[in-house]
Structure formats: C-alpha cells, structure tokens
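Dear colleague,

Please find below the sequence and structure that I am handing over to you. My notes on what was found follow directly after.

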2 protein chains.
Amino acid sequence: MARIVMKFGGTSVANVDKIRQAALHIRREIDAGNQVSVVVSAMAGKTNELVAWVNEASKFHDAREYDAVVASGEQVTAGLMAIVLSEMGVPARSFQGWQIPIETDDAHGAARIENIDPSMLIDRMDKGMVCVITGFQGIYPPTGRITTLGRGGSDTSAVAVAAAVKADRCDIYTDVDGVYTTDPRIAPKARRMARISFEEMLEMASAGAKVLMIRSVEMAMAHSVRLCVRSTFDDPNAPQVTPDGVPGVPGTLVCDEEEIMEKQIVSGITLARAEAKITLRGVKDKPGVAAAVFGALADANIVVDMIVQNVSDDGARTDITFTVPDSDYDKAMRALETTGSAIERESISGSKGGAKISVIGVGMRSHAGVAASMFRALAEKGINIQLITTSEIKTSVLIDEEYAELAVRVLHTYYGLDKQDV
Amino acid sequence: MARIVMKFGGTSVANVDKIRQAALHIRREIDAGNQVSVVVSAMAGKTNELVAWVNEASKFHDAREYDAVVASGEQVTAGLMAIVLSEMGVPARSFQGWQIPIETDDAHGAARIENIDPSMLIDRMDKGMVCVITGFQGIYPPTGRITTLGRGGSDTSAVAVAAAVKADRCDIYTDVDGVYTTDPRIAPKARRMARISFEEMLEMASAGAKVLMIRSVEMAMAHSVRLCVRSTFDDPNAPQVTPDGVPGVPGTLVCDEEEIMEKQIVSGITLARAEAKITLRGVKDKPGVAAAVFGALADANIVVDMIVQNVSDDGARTDITFTVPDSDYDKAMRALETTGSAIERESISGSKGGAKISVIGVGMRSHAGVAASMFRALAEKGINIQLITTSEIKTSVLIDEEYAELAVRVLHTYYGLDKQDV
C-alpha cells in the first residue's frame with residue numbers, strides 16, 4: 001500500500017471526457033490498494049478566460065478580487081472529478097483550498113503556501129476515499145480571503161499536499177510521458193529517463209526543459225517528495241512499466257540522488273533559443289560596477305541569463321558579457337546607454353540570435369574533463385563557442401543559433417545518451 | 001440616508017460591459033449618500049454551462065458536488081463587480097456565501113437560508129464600502145460545504161441579506177422596468193404599477209407573472225422587506241421618478257398593504273396558457289377519494305393547478321375537475337387509468353388547450369361582486385367559462401385558449417386598468 005498524490009493539469013481535464021480518462025488512472029491506484037489524493041487545475045483555457053475578464057474589468061485591479069475570480073476554475077474541475085469518480089464507484093469528495101485549509105501568505109496572485117493541515121485528508125484517505133483538491137489556491141487566514149499561487153501553481157499545490165500527508169509519491173500527470181535526455185523533436189534518439197535527481201531536474205528546468213515548474217521541484221527537493229512525471233493519455237489499464245522496461249511507475253521519477261543507482265556523468269542536454277549577448281568592454285574594474293550594470297537591467301524588468309566577467313589584464317579595466325532574451329535586446333541596450341555616466345566603459349556591443357546548450361549531470365561533480373570534452377565535441381563539428389558558464393552539475397555554452405540542433409544531437413551521441421534500440 | 005440591497009440577475013451581468021452598466025446604478029446610490037450591499041447572479045448562461053457539465057459527468061451526481069461546481073459562477077461575477085466598482089472610485093469588496101457566512105440547511109441544490117450574520121456587512125457599509133455578495137449560495141456549517149438555493153435563488157439571497165442588515169429597500173434589477181397590470185405584449189394598454197402589495201404580488205407570480213420568484217416574495221413578506229422591481233438598462237444618471245411620475249424609486253415597489261394609499265379593487269390580470277383540464281365523473285362521494293386521485297398524480301410528479309369539486313346531487317356521487325400543464329396531460333390520464341380500481345368513477349374525460357385568466361386585487365376582500373362582474377364581462381364577448389376557482393384576493397377562470405388575449409384585454413379595460421394617456 002502506498003499513499004499517492006496525483007496531479008492533473010489543464011489539458012488533462014480539458015472537458016468531461018478527459019476528466020473521465022484521468023479518473024481511470026485514479027481508479028487503477030485505488031484498485032491497487034493505494035491511498036490517493038488528487039490535485040486538479042482548471043479546465044484548459046478557463047483560467048485565461050477568467051484573467052481576460054479581470055483585465056477587461058480593470059487594468060489596475062485589486063489582487064484579492066483577481067484571486068477570488070480566477071480561483072473559481074479549479075473549483076469546477078474538482079467537483080466534476082469527484083462526481084466522475086463516484087459514478088465509477090470510487091468514493092470521492094472535492095475540497096477547496098479554504099476547506100482543508102491550505103494556508104498561504106497574503107501575496108495575492110503569487111502567494112506562498114505556509115501550512116497545510118493534513119488531518120482531514122488523511123482521515124478520508126484512511127477510509128478509502130479519494131480527496132479531490134483544487135490546485136493553485138489557498139486562503140490567507142487573517143482575512144479569510146482566497147489566494148492563488150501564480151500560474152503553474154497547481155504543481156506546487158500537489159507537492160505541498162504530498163509533503164503534508166507524507167505521500168510516498170507525487171505523480172504529475174501531463175501531456176508528455178516523462179523527462180527526456182533532450183528534446184525529442186530535435187534529437188529523435190532522445191531517451192526517456194527512468195530517474196533523475198532533483199538537482200538535475202532543477203538545472204534542466206532552468207536551462208530550458210519545460211516539463212515541471214522550477215518552484216515545485218525546489219519544494220519537492222526541500223521536503224524529499226518523490227515526483228513522477230507521466231502521461232494522462234497512457235492507457236490507464238496497461239501494465240505499469242518503467243521506461244527501463246521493468247514493473248514500476250511509468251514516467252520519470254524525480255528523486256534524491258541516493259535513489260539513483262547508476263549515475264550518468266551527463267544525464268541530459270537542454271537548448272534555449274533566442275538568446276542575445278551584450279558585451280561591455282573596458283569597464284572600470286572596481287566594486288559596484290556589476291551592481292550598477294545589472295541593477296539598471298533589473299529596473300527595466302529584464303531577466304539576465306548567463307553572466308561572464310573575466311579578470312582584467314592590468315587590474316584596471318575588464319569586460320562583462322551577459323545574455324538576455326532576444327525580445328529584450330533593444331530595451332537592454334537602451335537601459336545601458338541611459339546609465340552611461342554611471343558605468344564607465346569603452347564600448348557596448350552585442351548581437352541577437354544565440355542559442356544556449358547545456359549539459360547536465362550530477363556525475364560531473366566527480367568526473368573531471370566534462371567541460372573540456374564538450375568543447376572538443378563541438379569543435380570537431382566546427383561550432384564556435386561564444387560564451388561559457390558552469391555550475392556544479394551543469395556546463396552551458398552560447399553558440400550561433402544556426403548550429404543549435406546539430407550541437408544537441410552531437411552532444412547527445414557523444415555522452416552516450418542515444419536510445420539503444422534505434 | 002437609506003440602506004439598500006441591490007440585486008443584479010444574469011442578463012444584467014452577462015459580460016464586463018453590462019457589469020459596468022450595473023455598477024453605474026450602484027455608484028448613483030453611493031453618491032446619494034446611501035449604504036449599499038449588492039447581490040449578483042452568475043453571468044447569463046454560465047450556470048447552464050456548469051449544470052450541463054455536471055449532468056455530463058453523471059446523471060446521478062452527489063448534490064454536494066453539484067453545489068461546489070455551480071456556485072462558482074456567482075464567485076466570478078462578484079469579483080468582477082468589485083473590481084469594476086473600485087475602478088470607478090467606489091470602495092468595494094466581494095464576499096462569497098461562506099465568507100459572511102450565509103448559513104443554510106443541508107438540502108444541497110435547494111437549500112434554505114437559516115441565518116445570516118450581518119455584522120461584517122454592516123461594518124463595511126458603515127465605512128462607505130459596497131459589499132458585493134454572491135447570490136444563490138451559502139454554507140452548511142456542520143460540514144463546511146457550499147450549498148445552493150436552487151434556480152432563481154439569487155432573489156432569495158438578496159431578500160435574506162436585506163432582512164439581515166435591516167435594509168430600507170431591496171432593489172431587484174432585471175430586464176423589465178417593473179410589474180405591469182398585465183402582460184404588455186397582450187394588452188398594449190397595460191400600465192406599470194408604482195406599488196403592489198406582497199399578497200397581490202404572490203398571487204400574480206403564482207398565476208403566471210414571471211417577474212419575481214415566489215419564494216423571494218414570501219420571504220420579503222415574512223420579514224417586511226420592501227422590494228423594488230426595476231430595470232438595469234435604464235439610464236443610471238436619469239432623474240429618479242416613480243411610474244406615477246413623482247420623484248422616487250423607478251420601478252414597482254412591492255410592499256405591505258398599509259403602504260398603498262389608494263387600493264385598487266383589481267390590481268392586475270394574469271394569463272397562464274396551455275392548461276389541460278381533466279374531469280372525473282360519478283366519483284364516490286366519500287372521504288379519501290380526493291386524496292387517492294391527487295396522490296396518484298403527485299406520485300407521477302404532476303403538478304396540479306386548479307381543482308374544483310362540486311357537491312353531489314344525491315350525496316352519493318360527485319364530479320372532480322382539475323387542470324394540469326398540457327405537457328403532462330397524457331401522463332396524468334395514464335396515472336388515473338392505472339389507479340382505476342382504487343378510484344371508483346363512471347368516466348374520465350378531458351381536453352388540452354385551456355387558458356387560465358386571473359384577476360387579482362386586495363380590494364376584492366371588501367368589494368362584493370368582483371367575480372360576478374368578471375363573468376358578465378366575459379359573457380358579453382361570448383367567452384365561455386369552463387372552470388372557476390377563487391381565493392381571498394383572486395378569481396381565476398379557465399377558458400378556451402383561443403380567447404385568452406381577448407379576455408385579458410376586455411378585463412383590463414373593464415376594471416379601469418388601461419393607461420390614461422393612450
């Protein structure tokens with residue numbers, strides 16, 4: 001017997017037929033003797049509709065009213081799911097955030113979960129009932145008003161519920177069947193992973209893989225909640241087999257490193273396109289310069305990705321290079337030009353159309369030379385590296401976007417990630 | 001300064017533009033120095049959409065889940081209305097049923113309001129804030145689950161809130177501008193009434209006028225809540241003038257009889273079409289026969305309208321005639337035939353296509369001969385009366401549907417209800 005939290009996103013509950021399909025997965029887990037709580041998103045498109053009405057009502061709306069309106073979408077799905085389950089003979093009831101309660105702070109529209117009382121949920125699960133919980137929402141107890149967690153917050157809700165009820169697993173049902181070594185549309189030999197560590201998943205998500213919200217992975221790591229990414233559209237009654245072909249949970253398990261027996265040096269390769277690079281040359285090498293540069297960009301609401309600063313030759317002047325999304329390139333250049341007097345520098349230059357390729361793997365910690373072999377593999381194909389940044393378990397390079405797909409495929413093969421049966 | 005509850009139905013809040021139009025009425029009342037709470041329905045069509053999903057999910061759904069789903073519609077409107085009001089500079093916040101709380105019994109889907117704590121609402125209104133309240137819904141405190149009051153329940157919510165906060169008036173904003181002496185589509189000379197008593201309004205509603213839900217009028221009468229029926233689509237900034245042309249509240253005020261100075265003998269005339277009549281002849285005149293007949297119909301879920309039983313000539317046998325909707329005629333005949341042995345009678349006959357015309361007025365209590373004059377007026381036009389029933393302030397006749405419009409116009413003129421300026 002296991003205790004499982006199952007989360008279904010908007011495309012998995014887009015209409016009553018799809019809700020019924022999702023319910024078959026729930027019934028399978030109940031039939032297997034497991035205890036189940038379910039977290040649901042709004043039906044696909046509904047949250048956008050509600051947000052559009054709020055914006056039509058006023059561009060400068062009270063975030064508390066925004067939350068009251070947009071939280072209604074999950075309420076509909078939760079009730080419908082409970083009805084569908086009951087009709088299948090699975091005892092179920094819906095819970096809204098305030099009914100549990102899921103307590104948050106008062107940052108309406110982007111609230112953080114502070115506490116979940118698990119007693120009611122555990123009591124129902126002990127009795128064989130499925131608790132269907134509205135994702136994305138909670139309550140701020142001092143005012144008794146509904147809060148929402150921000151877009152994609154249902155993943156976070158599911159992980160928080162799983163932590164609160166001490167679930168053995170939190171299954172994230174989505175429209176893909178797991179986490180791949182790289183994007184299969186780019187590298188047809190991409191392999192679905194059976195397991196990946198929290199740290200690697202975080203780096204994958206930050207580096208461009210869009211399977212899970214970063215926040216939910218962080219929370220899962222902090223509370224040691226084992227996450228499983230799997231597909232709603234798999235046959236609910238098919239034998240449950242892992243990507244490695246053994247009986248177990250289909251999909252990719254995101255878990256502690258200790259649970260992964262055979263660690264890959266490189267687990268995955270990600271690609272982020274449309275990165276523009278900007279270089280400030282001959283910047284005075286003194287305290288506060290970097291703060292002035294990136295402060296100006298932050299004030300203009302520009303998110304900076306890679307940052308590289310070399311040591312200066314003579315200790316007097318240095319070069320700083322960083323990347324921003326192509327769409328923010330012009331705005332970033334303007335922001336830096338208008339702060340010209342504050343930031344002494346010899347020149348600014350830059351270009352759009354870069355691609356960031358990252359190789360990720362916890363094995364890098366103990367294996368020297370991963371970065372070097374990556375550069376060599378790219379050099380053999382004549383791909384020029386414009387920028388390099390590294391973290392403990394990731395090496396990223398910026399290259400010309402033209403070579404992006406080629407680079408991904410070359411590295412995928414180079415690190416032995418290709419499917420064996422292809 | 002007055003304290004007013006303003007209720008807006010589905011067509012009055014069908015989209016954000018209409019919500020804005022409704023909000024102008026609210027701002028007018030605030031600008032006039034009044035205290036205001038607002039009760040809103042779901043946007044037109046939304047409740048039907050939600051109900052359809054529930055029925056698609058399961059025909060035999062848990063009423064508690066039905067309530068959780070369908071209550072979400074009002075939540076959206078309340079939030080949007082609060083946002084629109086705030087943007088107009090009118091301080092406002094939304095309240096859901098459970099946040100006030102509006103306490104009901106546990107008859108999910110058709111709950112009755114048992115208690116409303118007015119303290120939070122009065123506190124906010126004292127501070128000049130508009131409380132925007134979700135109609136139609138409440139909470140059953142022992143389980144903490146959301147309840148709904150059944151279709152049209154927002155009128156009832158508004159009256160209950162008005163009673164709880166001791167409002168001076170409960171304004172029901174709708175797509176008609178008041179209560180008319182009869183249907184203006186049938187009698188172009190129909191006049192909009194400035195005032196009508198609760199009792200007359202109840203008889204009008206039961207007899208076919210569809211302006212207000214009967215339950216909300218009953219509750220208003222019980223708690224002496226003055227109701228005003230008025231149009232959302234009137235110019236919010238036009239001078240406020242009663243149907244009598246004097247400064248005051250536009251629309252029709254439904255109030256205690258004592259507030260109506262000049263009582264009409266007949267206040268209004270209503271028409272209900274498609275009434276079928278069924279006659280049981282030669283029924284044994286003994287206790288329990290009527291119970292057997294109407295018990296059989298109730299078991300078949302058939303609502304009976306008029307019932308007439310004559311005294312028998314010889315004390316042995318009698319005739320019973322009653323009406324049912326045309327659509328239930330065949331079902332009613334079958335129900336009576338299958339209970340043939342229980343109800344001894346000589347014959348059953350009946351026909352569809354009747355129309356019930358009712359004349360209504362509290363003045364009938366003190367004026368003899370209203371019924372007689374009604375029969376005379378119809379006889380003068382050669383209209384045959386098939387059935388007659390009376391209550392204290394209403395006389396109803398069943399006639400052939402062909403003559404329905406003619407009868408309404410004749411009686412409208414006969415009782416002096418025609419507009420003077422036409």
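In which loop of chain A does K189(A) lie? K189(A) is in the loop between β9 (169–174) and β10 (195–197) of chain A; helices (H or I, at least four residues) and strands (E, at least two) are DSSP runs, numbered from the N terminus. K189(A) counts as partly exposed because it has 16 C-beta neighbours inside 10 Å. For this term, a residue is buried if 20 or more other C-beta atoms lie within 10 Å of its own, exposed if 12 or fewer, and partly exposed in between, with C-beta atoms placed from the backbone. The C-alpha atoms of K189(A) and K419(A) are separated by 5.3 Å, although the two residues are 230 apart along the chain.

The model is predicted: local features need pLDDT of at least 70 and side-chain atom pairs count only at pLDDT 80 or more, while totals for chains, interfaces and linings use all residues. Residues are numbered from 1 along each chain as its sequence is written, and chains are lettered from A and ligands numbered from 1 in the order in which they are written.

Overall form of chain A

Chain A contains twelve helices and 18 strands. Its radius of gyration is 24 Å, close to the 22 Å that the globule rule gives for 422 residues, so chain A is as compact as a globular protein of that length. The radius is taken over C-alpha atoms, and the rule is 2.2 Å times the number of residues to the power 0.38. The C-alpha trace spans about 75 × 55 × 30 Å along its principal axes, and 49% of the 422 residues count as buried.

Sheet and strand pairing

An open sheet of eight strands in chain A has mixed pairing and the order β3-β6-β2-β1-β9-β11-β12-β10; two strands pair if DSSP finds at least two bridges between them. β3 (92–95) and β10 of chain A stand at the edges with a single partner strand each, so one side of each is left without a neighbour in the sheet.

Elsewhere in chain A, β13 (residues 268–284) and β15 (residues 317–325) run antiparallel and are joined by eight bridges, with L280(A) partnered by I320(A). β14 (residues 307–309) of chain A is also antiparallel to β15(A), through three bridges, and I307(A) stands opposite F322(A).

The two chains

The contact takes 28 residues from chain A and 27 residues from chain B, where two residues are in contact if their C-beta atoms, placed from the backbone, lie within 7 Å. On the side of chain A that touches chain B, α1 (16–31), α2 (46–57), α3 (63–70) and α4 (72–87) each supply at least two residues. α4(A) gives the largest share, eleven residues.

With kind regards
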